[in-house]
Amino acid sequence: MELLSPAGNFEKMKAAVSFGADAVYFGGPAFGLRAFAGNFTFDEMEEALKYLHHRGRKGYVTVNVFPSTGELGGIEKYLKRCEAVGADGLIISDPGIFHIARRSGIKTPVSISTQANTTNLAAVNFWAEQGASRVIMARETSAGDLKATVSGAGCEIEVFIHGAVCISMSGRCLISSYMTGRDANKGECTHPCRWNYALMEESRPGMYYPVYEDERGTYLYNSKDLRLLERIGELEGMGVKSGKIEGRMKSVMYVSVVTGVYRAAIDRAVSDPDGYRADENWRFLLDSVSNRGYTEGFYGGADDREALNRDTGGYNRSASFLGVVKDCRDGELTVEARARFFPGETLSVLEPGLKRTDAAFEIIRDEHGSPVENTRPNYVYKMKFPGNAEQGSLVMRF
Ligand code: SF4
């Protein structure tokens, strides 16, 4: 099973590669959902794809909006440019864009986005017969359906294994459009499913009556995040071709840690899918990055009453992201800081491969060699380190 990670920008792409992604997906300058991710220009896409290919990895470009007729202008040229810069695949939702891609003779393989809401074998094979290379199943698919689908599919099957989940059917949500005018199906979701709601009697504007599920408020639609870590052996055994991590808007730490955990999980599953068990340390690491609590979503069926996070619309996270290792030589780390940390703190360096080394950095020096009282984001610092950390390792506070 391919491990497919999000690449919201070039730095996150490199982090995903360092921590073991086989492939990444990212948006180009238009037509991709996630309007607020750091999408790539064509020049950046070309550079990114060269970087990936040089390391034997792949890059898929999201072209997964549902455009109106008036918004289709330039799409054929756009798809051809994606092909010209070396995209390994195009992720498409809209049958119109798919049709244009096929008619224009583009050879780049097409994956049908989860936004197309493909929930069954017949729908998968419909897309396969149209020329799709891969279908990314709707997140509403149960394990039983998935197994039957993979075994009869005329194309590859990709499955979301980790990340945020919509409470609505994939690709069918209008809440954000309705409430804020920003269309989730054009990549502009404002996440109103995560908001806390109140009741207002219409002749008393501004008088909000709280609606309590309990003392923490009411988050009627706020899904926990998907985590199929325990199921990687099953997915591998079914023949799922690609396991996808959601999160183009998430941090470098998130992309690195989640990719690293699923790299280890897939490697274990490949060698022994039936005997696969997840590690306690992997669960610990997934808890350390931002999450809304975890669920297996629809994987076990549609009746998981614990799939909603009723406590808060925000995130849990048990670790802080402090910096990225740029170099390590002669017992000294060079770190680009992302947050403040202080001399004498015991911090952790997490390497690709998930080796974690705890160290007390008694003296932190700036680039000129002068000791500092604390770090500042985006500045480079040097610290003594009792090991040999790889470039791209994370400095974290657990
Ligand atoms: S409002 Fe919530 S359920 Fe709807 S698309 Fe946005 S994140 Fe998904």
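Predicted model: local features only at pLDDT ≥ 70, side-chain atom pairs only at ≥ 80, totals over all residues.

User: Ok, which residue does Asp225 meet in a salt bridge?

Analyst: Arg292, at 3.3 Å from N to O. Asp225 sits in strand E10 (residues 225-227) and Arg292 in the loop between helix H10 (280-288) and strand E12 (294-295), so this pair ties together parts 67 residues apart in sequence. Helices (H or I, at least four residues) and strands (E, at least two) are DSSP runs, numbered from the N terminus.

User: Is Asp225 buried or exposed?

Analyst: Buried, with a relative accessible area of 1%. Arg292 counts as buried too, at 5%. The cut-offs are under 20% relative accessible area for buried and over 50% for exposed, with partly exposed in between (1.4 Å probe, protein chains only).

User: What about Arg283, which residue does it form a salt bridge with?

Analyst: Glu230, and the closest N and O atoms are 2.8 Å apart. Arg283 is in helix H10, whereas Glu230 is in the loop between E10 and helix H8 (232-238), so the pair links parts that are 53 residues apart in sequence. Arg283 is partly exposed at 21%, and Glu230 is partly exposed at 29%.

User: And where do Lys80 and Glu76 lie?

Analyst: Both lie in helix H3 (residues 75-84), four residues apart, about one turn of the helix. Lys80 is partly exposed at 39%, and Glu76 is partly exposed at 28%.

User: Which residues are linked in a network of salt bridges?

Analyst: Glu2, Arg134, Glu156, Glu158 and Lys244. Glu2 also takes us to strand E1 (residues 2-6), where five of the five residues are buried. Glu2, Leu4 and Pro6 are on one side of E1, with Leu3 and Ser5 on the other.

User: Which strands do bridges join E1 to?

Analyst: Three bridges join E1 to E11 (residues 242-245), running parallel, and three join E1 to E2 (residues 23-27), also parallel. Strands count as paired if DSSP finds at least two bridges between them. Leu3 has Gly243 in E11 as its bridge partner, and Leu4 has Ala23 in E2. From E1 the chain crosses through helix H1 (residues 10-18) to E2 in a right-handed β-α-β crossover, meaning that with the strands pointing away from the viewer, the path from the first strand over the helix to the second runs clockwise.

User: Switching topic: which residues are around the ligand?

Analyst: Within 4 Å by heavy atoms, you get Cys166, Ile167, Ser168, Cys173, Ala184, Cys189, His191, Pro192 and Cys193. By class, the shell has seven nonpolar, two polar and no charged residues. Ala, Val, Leu, Ile, Met, Phe, Trp, Tyr, Cys and Pro count as nonpolar, Asp, Glu, Lys and Arg as charged, and the others, Gly among them, as polar.

Methods:
Residues numbered from 1 in each chain as written. Heavy atoms only, no water. Salt bridge = Lys/Arg side-chain N within 4 Å of Asp/Glu carboxyl O.
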